[in-house]
Structures are given as C-alpha cells and as structure tokens.
Amino acid sequence: VPQGAKAMTPSQIRAARFLMRCQYATPAEIGYAVAEDRARRPGGMKAQGAGRLGGMIARQMVELGLVEFATRKREGYPAYRISPAGRAAINKL
C-alpha cells in the first residue's frame, strides 16, 4: 500500500521527480540524479557508487509502491520507472 509523499525522504522525492521525466532509468542514473551536488564535485561520484545509491533508493520506493521494475525494457538489465501511485504522490507536493 503506497504511503504517499509524506513518507518519502528528500532523496526519494528527487528520485521520483527524475523518474517522472523519463520512461525508465538505471540505478546509476537514479543515483546521479539524487546526488547531483556530490556527482558534480571534482572527483565526483563513480558509476558504481551511483548505481548502489540509486538501486538502494529505488528498492525502498518499490516497497512503498512508488516505483516499479522496468527491467524487461532493458533486456534484463536493472531499470525502474515511476508507478501511478508515485506520480500521484509527487503531484500532491
């Protein structure tokens, strides 16, 4: 059962807003979107770190019902997309 926008962390809100702008995203793309300030620093965030961060946030959001798996769209490689409940939660903010 989706808990809505009130239960979302700031990182989850940034991830959901990013996912609303694309058909689907990889864990690394989500991680870079969430950690945009860290990723832009000299030496920034590496792809592995971005993937771990994005994957962790996406899995949490799947449990909340705000994000869905979109792996089939990437031939079996990890991908996520915003769910209708996630879209509704962000639109309420």
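I began with helix 1, whose buried residues pack against helix 2, helix 4, strand 1, strand 2 and helix 5 (84-91). Contact here means heavy atoms within 4.5 Å. Helices (H or I, at least four residues) and strands (E, at least two) are DSSP runs, numbered from the N terminus.

I noted that this is a predicted model, where local features need pLDDT of at least 70, side-chain atom pairs count only at pLDDT 80 or more, and totals for chains, interfaces and linings use all residues. Residues are numbered from 1 along each chain as its sequence is written, and side-chain values use heavy atoms, with hydrogens and water left out.

Next I listed the buried residues of helix 1 (residues 10-20): Gln12, Ile13, Ala15, Ala16, Phe18 and Leu19. Buried means under 20% relative accessible area, exposed over 50%, and partly exposed in between (1.4 Å probe, protein chains only).

Then I turned to aromatic rings and found one pair. Phenylalanine 69 and tyrosine 80 form a tilted pair, 5.5 Å centre to centre with 40° between the planes. Rings of Phe, Tyr and Trp (its six-membered ring) pair if their centres lie within 6.5 Å; planes under 30 degrees apart count as stacked, over 60 as edge-to-face and the rest as tilted. Phenylalanine 69 lies in strand 1 (residues 67-69) and tyrosine 80 in strand 2 (residues 80-82), so the pair ties together parts eleven residues apart in sequence.

Phenylalanine 69 is partly exposed, at 46% relative accessible area, whereas tyrosine 80 is buried, at 6%.
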